[in-house]
Each structure stands twice: as structure tokens, then as C-alpha cells.
Amino acid sequence: MRKGLAAAGVVALIAAGSAACGTAAAATPDVKVKKGLDKLSDEKALSLGLHFGGSADQIWSSLQGEDDFTKDDAALLAKLRVDLSLSAGKALKDVKEGDTSSGAFKISADGSGKKSLLELRSVDKKLYVRLDLKGFEALDTGTSSKKDLAELDKFLGSADDLPSSLGSVKAALNGDWVSIDPKAFGDFAKSMSKNAGGDSPLGALPDTSKGLDAKSQKQLVDGLRKALKDNAKFKDLGHHDGADHVQVTVPARQVAKELEASLGSLTKQIPDFKPSDLDDVPNKSVSLDVAVKGGKVSAITFDAAQLDDGAKGKLPIVLDVDTDADAVEAPSGAKTLNPQDIMGLIMYSFGGGPDSSSGSGSSDSSADDSLYS
């Protein structure tokens, strides 16, 4: 099921990318679609929201019988939402290398997308993070126990007892905004691995200090254009629900393979991605419903059941397109979280906290100073 949903997400994102770069307009004579796509690239800010289009009961009806899939899982998927936002000081189509642009990524599970479990913002090449640890723990409907949640509550509650020198760690544990330097964390992880004579869990962190720059964005757009140029077929589905609808049909595996070849080294920035993963994409044509409302593309709907022969009903995944999104800005009051702060937390925890023999108060400060040095 997870492979099928991952493949569905890839197809949905390909569709979104084709919308952003105007690929579909080159493959169909439909004027309404062309104008709708062109208007997206004219915007200075754009937000994409990915979520399931059915209720918990509909998701359960479609996926019941999948390994370890429960009604609680269906209820979770019905509320899960992923949002991606982009903004710049000029129209997105005019952004060039060296221009300032910002981005944001958010995962939520409250159905509305208002309360985030994880939120990332990249502004002026600086990364801001906010994480709801308790919320993530509550998502585990299968293995978490009341004891696990109680221990997490106790751990998070102890954040207030941390010394002032670990204020950034305290903020992160409390779900407040912190800023980090991805390159610094990457260098720190490499140093840890070298000193330990082995691999470090942090060693896999990519250097995202430059973000997805203009050159990478162009490579992504060109890859999408090349992959879809001769493959997509379009069909007018008429007007309903306040929008004009167009069916876009593509050979899923062929498009995925051509996209991977076009992107080249850029695929290395995708976590845990292997070219062999594309073999899980079915070798058949799949269709998407593209909605155009008010002259702009407003939504793309994909039935994930097309990728899962075991599905017992439709499983729509919806990509909402919001052209009225606010510009992505840096959050106020974010504390800087350094790699040494994490080590400070570990040493503080092993030391037993303020009641340990190492003492508290001023001694905490001196211990942290020696750690930083």
C-alpha cells in the first residue's frame, strides 16, 4: 500500500509540475487549460495542498484487507495533509539564479491544515523548523501505549528544567520555532562519523544551505517538460462543481523513467530515492482530473486505486492549488539551534539533570562552555 501511495504522490507531483511549467498547454489545444496554466506562473506566491479526497469510511472500504491496515489508519489518512508553498519578489516564471525566493513545507493531521505536526520554512537561505513531538507520537495508532505517551509527556515536561544555556533545545521540545544551519549540522555529522569510526545517523543529512536554487528549479522544470512532452493525452470533461475539467492521461512508468533520466544528479537530493524504486510504478496509463476555476488551475485529482490492483474502490488524492497564498516569511522569535546544543542535551541527560553530582546553575554554564569549545 505504501509503495502504491508513494507512486501516486509522484504522479500527482508530476502533474503539479506540469501545471507550473505550462507543459500541458504545449500538448493540448484547449485554450482554457493553457491560460489556466500560464496564470499560475504569473503569480508571485503559490501554495499546493495534497490530501485524500475521500472520507475515512471511503478510504477503509478501498484499502481494507491490506496488511496491518486498520480503521484507525483510515481515519488518520482522511485527516492527513501536506502543504508546499513558494514565493518570490517577482512572478515565479521570471525568477532567475541569484534572485531571492522562499519556500515552506507543512504536515498536518487535523483535517484543516491549521495545526501543523511539522513545519519548515526556507527564507534567505536560512532554515526554520517547528515540530510537535507529542502530536507525532499520537499518530502511531498501532504500537504506542499509554505508558509510551506518559513517558513522552514526562520528557517534554522536563524541558522547562533545562539550563538557560540550552534555551534553543527547550524551545524545540516545546514546539516553538528554531532556526538551524543545515550545512553546520551536515559538517557536525561528518565529524561525529569520523571520530566514531563509523556511520552516524546524521551523516545522511544533505547540505541544503543553498536550497533549491534557480538552476535546480530550471532543471526540474525542463525534466518535467521533456518527460511529458510526447506522452500526455487530454480530454475535455466539461464544466461541473464550478470549474472546467480536463482529463490528463499518461503512461505512468514511462513518464517516471524519463523524468528520472532528465533530472540526473538532482535525484540525489530526494531522501532514500533509488532508481529501482521506479520499477514499482505500474506499466500502464493513468489519468488525472485537472480543474480550472476562474481562469486558473485550482485542483488536480488522482485516483490512487489505478496503481493498486488490490484496491476495492476509488481512492482519490487531491492536489489543491492556491494562488492567493501569502508570501513565505521568517517566523518571529526563532532561537538558533546549533549541533552542540544537541550534544549538550545528551550530556545533560546522562549527567542526571540539575540534581546530579555535576551541580546546577553556574556549573551548567561552565560545562556548556567547555562543550562548545
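**Sheet, cores and pocket in a predicted model**

In the predicted model, L120 stands opposite V129 in strand β5, where strands are DSSP runs of E of at least two residues and helices are H or I runs of at least four, both numbered from the N terminus. Because this is a predicted model, local features need pLDDT of at least 70 and side-chain atom pairs count only at pLDDT 80 or more, while totals for chains, interfaces and linings use all residues. Residues are numbered from 1 along each chain as its sequence is written, and side-chain values use heavy atoms, with hydrogens and water left out.

On to the neighbouring strands. β4 (residues 116-123) also pairs with β3 in the antiparallel sense, over six bridges, and here E119 in β4 is the bridge partner of K106.

For the chain as a whole, 13 helices and 12 strands are found, and buried residues make up 39% of the 373 residues. Of the contacts (heavy atoms within 4.5 Å) between residues at least 6 apart in sequence, 62% join residues at least 24 apart.

The largest nonpolar core holds 31 residues, and I59, V297 and L315 have the most contacts inside it; such a core is a set of buried Ala, Val, Leu, Ile, Met, Phe, Trp, Tyr and Cys residues joined through side-chain atoms within 4.5 Å. Among the elements that each supply at least two of its residues are β1 (45-52), α4 (56-63), β9 (285-293) and β10 (296-303). The largest share, four residues, comes from β9. Not counting residues up to four places away in sequence, I59 touches F52, G54, F69, A74, L77, A78 and L315. Another core, of 18 residues, lies apart from the largest one and includes V169, A171, L337 and L345.

T301 is found in strand β10 and, at 28% relative accessibility, counts as partly exposed. Leaving aside neighbours within four places in sequence, T301 is in contact with L288, D289, P316, I317 and V318. The C-alpha atoms of T301 and G53 are separated by 8.1 Å, although the two residues are 248 residues apart along the chain.

K106 and E119 return at the second largest pocket: of its 24 lining residues, S47, S85, K106, E119 and D326 are the closest to its centre. On a 1 Å grid over the protein atoms alone, a pocket is an open set of points where a 1.4 Å probe fits, with protein on both sides within 12 Å along at least five of seven lines, and lining residues have an atom within 4 Å of a point. The volume is about 470 Å³, taken as the space filled by probe spheres set on the points, which are joined across faces, edges and corners. β2 gives the largest share of the lining, four residues.

Notes. Buried < 20%, exposed > 50% of the residue type's maximum accessible area, 1.4 Å probe, protein only. Pairing = 2+ DSSP bridges.
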